[in-house]
Amino acid sequence: MSNTYKLSGNSEASAELPSYSGTLGPDVVDVRSLYAQQDVFTFDPGFASTASCKSEITFIDGKEGVLLYRGYPVEQLANNSTYIEVCYLLLYGELPTATQLSNFENDIRTHTMMNETMLRLFNGFHHDAHPMAMVSGVVGSMSAFYHETMDIQNPRHREIFSHRIIAKLPTIAAAAYKHSLGQPFVYPRNDLDYSSNLLNMFFSVPADDYEIDPIAVEAIDLLLILHADHEQNCSTSTVRLAGSSGTNPYSAIAAGIAALWGPAHGGANEAVLTMLGQIGNAKNITEYVAKAKDKNDSFRLMGFGHRVYKNFDPRATIIRDMCHKVLAKLGRDDDPLFELALELEQVALKDDYFVEKRLYPNVDFYSGIIYRALGFQPSMFTVMFAIARTVGWVSHWQEMITDPEHRIGRPRQLYTGPKTRDYVDVAKR
Ligand code: CMC
């Protein structure tokens, strides 16, 4: 279908632009010929109305609170699947058969170890370096280790890269954690499943026995599933944009990790805990909610609001239930921070400001409370998000590289700087 659009400000100007329908979601207007037709750009800071690509991976209906991975509702995957099966689904587009799943698990297991030279990189970091700084640095360095499998046009090379990075992220994250504690690095154990191995690398020490708690495994696997992908979010778009130049995939993923770190994105899970600590007590909630509403105050309720969801974030509801379960199983159901979070949620959900702006708890509101109960330091929360999202980044990078329409990402701008002027010698300024 094609429509004619009248351009305001110029009664003569109009443009004939085609539009396309996807399988779900709003239609898109193809503005690619607009500049050639009318010498104008579109203007959409923050990309709130821009579809940057075609994608078959994840669908979100923000009004209804729906999230689908390859068509499957995230609630069904959370209830029935495992993180590693979800990785296969996101990467290959279909749920695996039993044989495919077992082969995939084996492929991932063969890549869990880190090159010892890479391990030494951690010694270059100060003990109090933020783990996101270490993880993004070490992932970026991977491009210096695997030259022989880095031809991005070679499908097998891309596949090996995908398996390698999904397998190694927990190992790299655990190494960052151990470095910050000054504890010895714990090597991966390939007899364990993905989440059990992750917990073992984080929490076991050579001097003691470490028993992997099944509730911790269940909670971690669930959190990994729920964070695995979220269509064209900030870090995924960063990976696509960096990767669009043809850079090696490790560098593109390192760029994604850096973007995820920000408090408006994946850094929010750490920021929620800081905020709950600041609020401290239920009697202070009103004061902090007032601060969040005050336009002259930069304080925002962390873990609230979302660019796409204008309804409950389906992931937040599942995580809140898991939070109850984990705390009850650990005998910590009177955790004051959880009680504070529940109360804050109730106050905000009834507040006119939050109701009118349709600000609901997002995925990051309760995840930190689970991580904390399991023994993770707040600075590791966003690293856990990065581990989970790696498969999403990789799936989108693969989709982009194999898309025949893909070009280097290169936005334009509305220039508001000085008009052309002549250079003035320093003595005359
Ligand atoms: N507390 C108070 N006011 C808020 C909040 C909040 N958490 N979020 C949005 N608003 C207000 C905002 O001030 C604005 O008001 P107005 O229209 O009067 O200017 C309105 O709601 C719309 O907000 P926005 O910033 O224009 O919306 P956005 O789509 O650009 O930002 C967001 C989305 C997630 C960055 C934002 O809601 C936010 O900063 N939330 C807190 C941080 C957070 O929890 N981030 C995690 C997001 S989910 C996981 C992920 O993406 O990694």
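The legends below describe close-up views of a predicted model. Local features are given where pLDDT is at least 70 and side-chain atom pairs where pLDDT is 80 or more, whereas totals for chains, interfaces and linings use all residues. Residues are numbered from 1 along each chain as its sequence is written, and side-chain values use heavy atoms, with hydrogens and water left out.

**View 1. The residues around the ligand.**

View 2. A polar backbone atom of glycine 303 lies 2.8 Å from an oxygen atom of the ligand. A ligand nitrogen atom is 3.0 Å from a polar backbone atom of alanine 264. In the side chain of lysine 295, an N or O atom is 3.2 Å from an oxygen atom of the ligand. Of the 930 Å² of accessible area that the ligand has on its own, the protein covers 75%; such areas come from the Shrake-Rupley method with a 1.4 Å probe, and for residues only the protein chains shown count as cover.

**View 3. Aspartate 30 and its side-chain partners.** Aspartate 30 is found in the loop between strand 3 (28–29) and helix 1 (34–38). Helices (H or I, at least four residues) and strands (E, at least two) are DSSP runs, numbered from the N terminus. The side chain of aspartate 30 makes polar contacts with the side chain of tyrosine 20 at 2.5 Å and with that of arginine 32 at 2.8 Å. A polar contact is a pair of N or O atoms within 3.5 Å; within protein, one must be able to donate a hydrogen and the other to accept it, and residues adjacent in sequence count only if both atoms are side-chain atoms. With a relative accessible area of 12%, aspartate 30 is buried. Buried means under 20% relative accessible area, exposed over 50%, and partly exposed in between (1.4 Å probe, protein chains only).

View 4. Strand 5 (residues 66–69) pairs with strand 6 over two bridges in the antiparallel sense; two strands pair if DSSP finds at least two bridges between them. Leucine 68 has proline 73, in strand 6, as its bridge partner.

**View 5. Cysteines without disulfides.** The whole structure contains zero disulfides, a disulfide being a pair of cysteine sulfur atoms within 2.5 Å. For cysteine 53, the closest cysteine sulfur is that of cysteine 234, at 14 Å, which is too far for a bond. Cysteine 53 is partly exposed, at 25% relative accessible area, while cysteine 323 is buried, at 0%.

**View 6. Two loop residues with positive phi.** Glutamate 231, a residue other than glycine, has a positive phi near 40 degrees. Glutamate 231 sits in the loop between helix 9 (214–226) and helix 10 (234–243) and is partly exposed, with a relative accessible area of 22%. Arginine 358 has a positive phi near 50 degrees and lies in the loop between helix 16 (352–356) and helix 17 (364–374). Arginine 358 is partly exposed, at 42% relative accessibility.
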